Amino acid sequence: MIHDARRGPVPFCESDRMTNTPGHSAASGPLPYGTPDEPRVAVRGEATLEFDPEVARVTVTVSARGTDRKEALASLTRRNAEVLELVKEYGEAVEKLATGTFSVTPELTEKGRREKVRTYNGRVQVTVTVGDFTALGEMSTRLADLELTRVEGPWWALREDSPAHREARQQAVREAVTRAREYAAALDAELVALLELADLGAESSAASPPPPPGARAAGYRGAPQETVPVLDLEPQRQRVQAQVNARFVMSRPAL
């Protein structure tokens, strides 16, 4: 029984005893740092691995310009068809072909109060995903040789379901266990149980860094050529990172 000056005698309950017990809190239960008999160790496991890229993406922008709207649209449609036809020649080497933005914008004259259109500018963007790098250089230079066609890339990447991501995550977990064991061994203790394993975001290399100089094939068609040179492209290795937080219970240390 506990006596309160304002309320009088207050019955004693078991929760009052737990409030003063080391390693416990009446509001939240056991505290995260454990007890002298069951101390806890919290570590972070990290892994950084490099892999060869699995795909390369190239962005193709086709442009057209004309004083007549129908003429500009006709030119844009023809050039877009040439791009698609060229890309489809490479068959299974191309994993994905997708049309992105499309626009036709009127350009007004600079002088005069009346809204008079001087020219029409058309543009369509196509993204090509290539899995066979042996065809990438030739395809890129052939696309860059087309009329009013701009080629940007390649951007190297791993597939979303690549085993590389799983390998990095598993390596981070093994690193966390190894680090926790080293801490426990420094105290002549051993790991007893795993309490928590939290993923901090293993998919940290979804976007590749900008391509280095020389890895970009971009431009507009100049003088006609009988043969188009093949661009030699060196794939850029991809870095995959994984991080996890882990909490363990270890045996009583020999201090």
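Which residues of H3 are buried? The legends below take this up after an overview.

**Figure 1. Overview of the predicted model.** This is a predicted model, in which local features need pLDDT of at least 70, side-chain atom pairs count only at pLDDT 80 or more, and totals for chains, interfaces and linings use all residues. Residues are numbered from 1 along each chain as its sequence is written, and side-chain values use heavy atoms, with hydrogens and water left out. The protein has four helices and 11 strands (DSSP runs numbered from the N terminus; helices are H or I with at least four residues, strands are E with at least two). Of its 255 residues, 34% count as buried (under 20% relative accessible area; exposed is over 50%, partly exposed in between; 1.4 Å probe, protein chains only). The accessible surface comes to about 16,600 Å² (Shrake-Rupley method, 1.4 Å probe; for residues, only the protein chains shown count as cover). Carbon and sulfur atoms hold 49% of that surface. Among contacts with a separation of 6 or more, 78% link residues 24 or more positions apart (contact: heavy atoms within 4.5 Å).

**Figure 2. Helix H3 and its cover.** H3 spans residues 136-144 and is mostly covered. Seven of its nine residues are buried: Leu136, Gly137, Met139, Ser140, Thr141, Leu143 and Ala144. The cover over these residues includes helix H2 (69-88). It also includes strands E6 (55-66), E7 (94-108), E8 (117-130) and E9 (149-157).

**Figure 3. The open sheet E5-E11-E10.** Three strands form this open sheet, with antiparallel pairing (two strands pair if DSSP finds at least two bridges between them). Strands E5 (40-51) and E10 (191-199) stand at the edges; each has a single partner strand, so one side of each is left without a neighbour in the sheet. The twist averages 30° from one strand to the next. Seven bridges join E10 to E11.

Figure 4. H4 (residues 163-186) lies across E5, E10 and E11. H4 runs at about 145° to E5 (axes are lines fitted to C-alpha atoms, for helices over the stretch in contact; angles run from 0 to 180 degrees between N-to-C directions).

**Figure 5. Close-up of Gln238.** Gln238 is found in strand E11 (residues 238-250). Gln238 counts as buried because its relative accessibility is 4%. A polar atom of the Gln238 side chain lies 2.8 Å from the backbone oxygen of Gln236.

Key: A polar contact is a pair of N or O atoms within 3.5 Å; within protein, one must be able to donate a hydrogen and the other to accept it, and residues adjacent in sequence count only if both atoms are side-chain atoms.
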